[in-house]
Amino acid sequence: MPSTGMVAASPLAMVTLEECLRSRRSRRDFCWDPLGVDELRRLCWAGQGVTGPAGLRTAPSAGAIHPLELYVVTPSGISHYDAMRDRLTLLRPGDRRPALCTAAESQDVIGLAPATIVVVAVEGRMEPRYGTRARRYQLIEAGHVAQNVLLAATAMGFCAIPVGALDDLAARDVLELPATHTPLYLVAVGRSSVEPT
Ligand SMILES: Cc1cc2nc3c(=O)[nH]c(=O)nc-3n(C[C@H](O)[C@H](O)[C@H](O)COP(=O)(O)O)c2cc1C
């Protein structure tokens, strides 16, 4: 790995940005097929991959502080995306999708999707510099990250949907995160059950 902390870009499908923007849609037609670790890593890379010196990323961050972390909930368990190493690490085995579904107002889509990427804010990173604006920046940045993931999912031919209806504290419990970590936003992703025409 270069000393800058940059990692090689994960190859995404060869579709133009304009095609991705045109075809991105919130889709719920997931099939049960699990996504592979490399597919999940590529989606996380799109959201938070390191692409520049000093840990600069695919998504912009106020003050280059990067207050967000990505976790992935799959039938295998809960994994964390290590942006600096471009690596997913399984933290807790076991299928937590039903519990995450409950935390997301029992929306079926979270129980059905083979993977949900959870965008989590880490308190204490931004506050020293931005004070009360820190929360605003975390939320704005969660949108940047989620859109990157959604466009990458589109480019990879997956269906995906952002989900904001979430009990933050219940989701924190599901992921067994400390009180400093607040789940903000979900992106459910998977292969489509609908045959392409
Ligand atoms: C901040 C935000 C929160 C959302 N939360 C949910 C949600 O909880 N459940 C859901 O089914 N869709 C959710 N959506 C998806 C919207 O319903 C969807 O974006 C909208 O219908 C427009 O469709 P499109 O994404 O295909 O353009 C959310 C979208 C955004 C931007």
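Q: Which are the buried residues of α2?
A: In this predicted model, the buried residues of α2 are E39, L40, R41, R42, L43, C44, W45, A46, G47 and Q48.

Q: What makes α2 a mostly covered helix?
A: Buried means a relative accessible area under 20%. Ten of the twelve residues of α2 are buried, so the helix is described as mostly covered. The cover over these buried residues includes the strands β1 (68–74), β2, β3 (87–93), β4 (115–122) and β6, together with helix α6.

Q: What is the reach of α6, and what follows α6?
A: Helix α6 has 22 residues, 134–155, and from first C-alpha to last it reaches 32 Å, close to the 32 Å expected at 1.5 Å a residue. Just after α6 comes G157, with a positive phi of about 80°.

Q: Why is S79 called buried?
A: The cut-off for buried is under 20% relative accessible area. S79 has 12%, and therefore S79 counts as buried.

Q: Where is S79, and which residues does S79 touch?
A: S79 belongs to strand β2, residues 77–82. With residues up to four places away in sequence left out, S79 touches L70, Y71, V72, L88, T89, L90 and L91. From S79 to D38 the C-alpha distance is 13 Å, and the two are 41 residues apart in sequence.

Q: Why is T180 called partly exposed?
A: Partly exposed lies between buried, under 20%, and exposed, over 50%. T180 has a relative accessible area of 37%, so T180 is placed in between.

Q: Where is T180, and which residues is T180 in contact with?
A: T180 sits in the loop between α7 (168–175) and β6 (181–190). Apart from neighbours within four places in sequence, T180 is in contact with A121, V122 and E123. T180 and E123 are 57 residues apart in sequence, while their C-alpha atoms are 5.0 Å apart in space.

Q: What is the phi of A54, and what is the phi of H66?
A: A54 has a phi near 60°, a positive value in a residue other than glycine. H66, also a residue other than glycine, has a positive phi near 55°. In general, most residues other than glycine have a negative phi.

Q: Why is A54 called exposed, and why is H66 called buried?
A: A54 lies in the loop between α2 and β1, and H66 is found in the loop between α2 and β1 as well. A54 has a relative accessible area of 75%, over the 50% cut-off, so A54 is exposed. H66 has 8%, under the 20% cut-off, so H66 is buried.

Q: How do you know that the radius of gyration of the protein chain agrees with that of a compact globule?
A: For 197 residues, a compact globule would have a radius of gyration near 16 Å. The protein chain has 16 Å, so the value agrees. Its C-alpha atoms fill a box of roughly 50 × 35 × 30 Å along the principal axes.

Q: How many helices and strands are there in the protein chain, and how much of the chain is buried?
A: There are seven helices and six strands. Buried residues make up 50% of the 197 residues.

Key: Residues numbered from 1 in each chain as written. Predicted model: local features only at pLDDT ≥ 70, side-chain atom pairs only at ≥ 80, totals over all residues. Heavy atoms only, no water. Helix = DSSP H or I, 4+ residues; strand = E, 2+ residues; numbered from the N terminus. Rg over C-alpha atoms; globule rule 2.2 N^0.38 Å. Buried < 20%, exposed > 50% of the residue type's maximum accessible area, 1.4 Å probe, protein only. Expected span 1.5 Å × (residues − 1). Contact = heavy atoms within 4.5 Å.
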